[in-house]
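Here are my notebook entries from an afternoon of looking things up. I jotted them down in the order I checked them.

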Amino acid sequence: MPVDPGSGTTPEFLAAPGKINYQRIFESAPALFLLLRADEGFRILDASDAYLRATYTERDAIVGRSLFEVFPDNPEDPEATGVANLRASLKRVLADGRPDTMAVQKYDVRRPTGGFEERYWSPVNAPVFGPDGRILHVLHRIEDVTEISDTRQASAHDGETKQLEVMLRAQEVQEANRQLREVTEQFQAIYDQGLFAARLRLDGTVLDINRSAVEVCGFDRADILDKPFWECGWWNRSPEVQAWVRNAVERAVAGEPFRGESLYFWGDGSEHIVDFACMPVRDAFGKVVVVVPTGMDVTERVRAERNQRDLEAERRRAEALAEIDRGKTRFFSNISHEFRTPLTLMLGSLEEMKRESADAAVPPQYYDQMDLVHRNGLRLLKLVNTLLDFSRIEAERVQAVYEATDLAQMTAHLASEFRSATEKADLALVVNCPPLADLAYVDRDVGTDRPQSSFQRLQVHFRGHDRGVLARGGRQFRTHGRRHRHRHPGLRVAAAVRALSSRGRRKG
């Protein structure tokens, strides 16, 4: 009833001047309302008087109790689905935050005298939000449609028969909606748990984003929705990447699919690689209505491929270096042979000249010059032989083998090879090599493929060196003379052998 400002009276629904008593309005409403707590228990907070009358209940008897405790399924109806359907609808309201309209439900109520009465209802459930946007309550509104669902009465009236057909069709629609919701939920699960995916408006702003793209990368959904896609956190740390993504979105809006790999970023700033696609979605008329970007993180795959390419490049470099090394070895081997042949001929001629000039009246300065040439020729031959040995070792045709050796015994044995030459030259060969305290590791192998061991060449060099001194008139050939600073020649040889042994392997 309208309020008369001049009557001086306060209507009953005004608790105080300027204050509306909404609870009294709610309770007095002609519609059938039930106010529920927004939790899994769905406890009853209040009900309209019309609702109480329609369900044969009293406010004090139902407030504070669970909805399904007060209104259970009819135990005498094994096909009753009222509780299951209503609970599912209420849960959808809590999950989606929007009203849920149900098809006509068969939901029997208790009679005051006992037993259950068959009833049909048309329910609507809606959320009630608080100031912070959270759902505080659920408003359950029903309409009693039992009369139009009674087939006995409907058969007597054509209009009511049509209403019955509508009700039955509504139940079919409800079942179709249930199946559609199941498919939608499955699609949503795939959408959320699969690839990174989003839906963009034609201006490039984000309409929706799936859970994987947000949670995996460490972003907040609220910071992404309604924002230009290329300005979101995955791309905004690099202007070049932003331009690349914007170009992809613009091409998709124009109807051209796009795909490529790009750098992208997580919320912690780390860099990753994404296999990115941006696809246009068209309506029945072929018009682009939305753009769907998707992405799969391929960081590990790209890194593995990059490492494989690096390893392959390193292998090719190693092969190239090995080929260069083989060429060097061949060069050293060839040049060593080329040097040794003329050197051997030169040294042979020099030695013959020195022998022939021993009994001739050759000026001392000439003899000294020949001796100098001979000594340096021997030194050069030694270097050439060592170079040849190293080239053979690198070519794996020879390998130095070092064995524990009595240097004094081996030196005496090698020196004996000069005895015939010294006797022929009317020289006395005196070997002064007392035994050493320790054995030395010496390469003493003499094989058909190795003309001389390193130690033998050292000994021959030393003997030849002293022989040049004695050939000038001395009558004794000693292994220690003025040209050797060590009293024991084996000490000098051992020093050279130790230097050689650090590059070989020991045996025995």
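**Entry 1: a leucine in a helix**

I started with Leu-381, which lies in helix 12 (residues 364-394). Helices here are DSSP runs of H or I with at least four residues, strands are runs of E with at least two, and both are numbered from the N terminus. A note on the source: this is a predicted model, where local features need pLDDT of at least 70 and side-chain atom pairs count only at pLDDT 80 or more, while totals for chains, interfaces and linings use all residues. Residues are numbered from 1 along each chain as its sequence is written, and side-chain values use heavy atoms, with hydrogens and water left out.

Is Leu-381 buried or exposed? I found 16% relative accessibility, so Leu-381 counts as buried. Buried means under 20% relative accessible area, exposed means over 50%, and partly exposed is in between (1.4 Å probe, protein chains only). Leaving out residues up to four places away in sequence, Leu-381 touches Arg-340, Leu-343, Thr-344 and Leu-347; contact means heavy atoms within 4.5 Å. I also looked up Thr-341, 40 residues from Leu-381 along the chain, and their C-alpha atoms are separated by 9.6 Å.

**Entry 2: a histidine and a cavity**

Next came His-140, found in strand 10 (residues 135-144). His-140 has a relative accessible area of 4%, so I noted it as buried. Its side chain makes a polar contact with the side chain of Asn-125 at 2.6 Å. (A polar contact is a pair of N or O atoms within 3.5 Å; within protein, one must be able to donate a hydrogen and the other to accept it, and residues adjacent in sequence count only if both atoms are side-chain atoms.)

How many cavities of 30 Å³ or more does a search of the whole structure find? I got 5. A cavity is a set of points on a 1 Å grid over the protein atoms alone where a 1.4 Å probe fits but cannot get out, and lining residues have an atom within 4 Å of a point. Points are joined across faces, edges and corners, and a volume is the space filled by probe spheres set on them.

The largest cavity has a volume of about 150 Å³. Of its 14 lining residues, Leu-86, Tyr-107, Trp-121, His-140 and Ile-142 lie nearest its centre. Its lining has 10 nonpolar, 4 polar and no charged residues. For those classes, Ala, Val, Leu, Ile, Met, Phe, Trp, Tyr, Cys and Pro count as nonpolar, Asp, Glu, Lys and Arg as charged, and the others, Gly among them, as polar.

**Entry 3: the second cavity**

The second largest cavity holds about 130 Å³ of space. It is lined by 14 residues, and Phe-196, Phe-229, Trp-234, Trp-235 and Gly-295 are the closest to its centre.

Tyr-56 has a positive phi of about 60 degrees although it is not a glycine. I found Tyr-56 in the loop between helix 2 and helix 3 (59-62). Its relative accessibility is 35%, so Tyr-56 counts as partly exposed.

Asp-226 is also not a glycine, and its phi is positive, near 65 degrees. Asp-226 sits in the loop between helix 9 and helix 10. At 52% relative accessibility, Asp-226 counts as exposed.

Terms used. 1 Å grid on protein atoms, 1.4 Å probe; cavity = no way out; pocket = protein on both sides within 12 Å on 5 of 7 lines; lining within 4 Å.
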